[in-house]
Amino acid sequence: MKWFLPILLTGAWSLGVIAADTGTGTGTATDKGTASSQTTPEHSMTAEDQGNSPTDRALTSRIRVALIENDQLSVSGKNVKIITRDGKVTLRGEVANEAERVAINSAAESIAGKENVSDYLEVKP
């Protein structure tokens with residue numbers, strides 16, 4: 001079991017925490033980043049399922065930059081969820097139209113590879 005203590009720095013509460021392990025952890029699926037998130041189906045992945053490896057973070061970042069730099073995308077298009085785990089990218093969220101969905105999917109595929117992108121984007125009604 002883990003517990004957390006807030007850290008007091010220069011008279012203000014910090015967002016940092018100190019984790020203490022009481023020795024009861026067994027590495028089960030309740031720990032973040034272990035079995036529970038690895039078995040999440042692609043169509044229901046959330047930000048918590050994001051891989052924490054440098055490669056996954058870099059891939060997500062490169063796709064996000066490509067979307068932000070695309071002046072043709074709406075605000076919702078630039079803010080779709082990009083979840084990368086083990087090099088596989090899942091796109092989720094609402095976009096303004098079909099052309100925007102195709103543009104976002106194409107940008108992700110050009111960076112991650114067509115076989116590594118799952119498109120669960122939805123066109124707003």
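The secondary structure of the chain comprises 4 helices and 5 strands, where helices (H or I, at least four residues) and strands (E, at least two) are DSSP runs numbered from the N terminus. Along the sequence these elements follow the pattern β-β-α-α-α-β-β-α-β. The model is a predicted one, in which local features need pLDDT of at least 70 and side-chain atom pairs count only at pLDDT 80 or more, whereas totals for chains, interfaces and linings use all residues. Residues are numbered from 1 along each chain as its sequence is written, and side-chain values use heavy atoms, with hydrogens and water left out.

Of the 125 residues in the chain, 26% are buried, a term that denotes under 20% relative accessible area, with exposed meaning over 50% and partly exposed lying in between (1.4 Å probe, protein chains only). The accessible surface of the chain amounts to about 8,100 Å², and carbon and sulfur atoms contribute 57% of it; these areas come from the Shrake-Rupley method with a 1.4 Å probe, and for residues only the protein chains shown count as cover. Among the contacts in the chain with a separation of 6 or more, 50% join residues 24 or more positions apart, a contact being defined by heavy atoms within 4.5 Å.

Just after helix 4, Gly113 adopts a positive phi of about 100°.

Helix 2 has 16 residues and reaches 22 Å from its first C-alpha to its last, close to the 22 Å expected at 1.5 Å a residue. Within helix 2, the residues Asp56, Leu59, Thr60, Ile63 and Leu67 are buried. These residues cover an arc of only 95° around the axis, which puts them on the same side of helix 2. The face turned away from this buried side carries the exposed residues Pro54, Thr55, Arg62 and Glu69, while the cover over the buried residues of helix 2 includes helix 3, strand 3, strand 4 and helix 4.

The largest nonpolar core has 15 residues, and those with the most contacts inside it are Leu67, Val80, Ile82, Val89, Leu91 and Ile104; such a core is a set of buried Ala, Val, Leu, Ile, Met, Phe, Trp, Tyr and Cys residues joined through side-chain atoms within 4.5 Å. Two or more residues are given to this core by each of helix 2, strand 4, helix 4 and strand 5, and helix 4 gives the most, with 4 residues. In soluble globular proteins, nonpolar side chains tend to be buried together. When residues up to four places away in sequence are not counted, Ile104 touches Leu67, Leu73, Gly77, Val80, Leu91, Val95 and Leu121. Ala112, also found in helix 4, counts as buried at 12% relative accessibility and, with residues up to four places away again left out, touches Leu59, Val89 and Val117. The C-alpha atoms of Ala112 and Ile63, 49 residues apart along the chain, are separated by 8.3 Å.

Two loop residues were also examined. Asp86 is placed in the loop between strand 3 (81-85) and strand 4 and counts as exposed at 65% relative accessibility. Its phi is near 55°, a positive value in a residue other than glycine. Ala96, in the loop between strand 4 and helix 4, is partly exposed, with a relative accessible area of 37%.

Terms used
The expected span of a helix is 1.5 Å times one less than its number of residues. The arc is that of the directions from the helix axis to the C-beta atoms.
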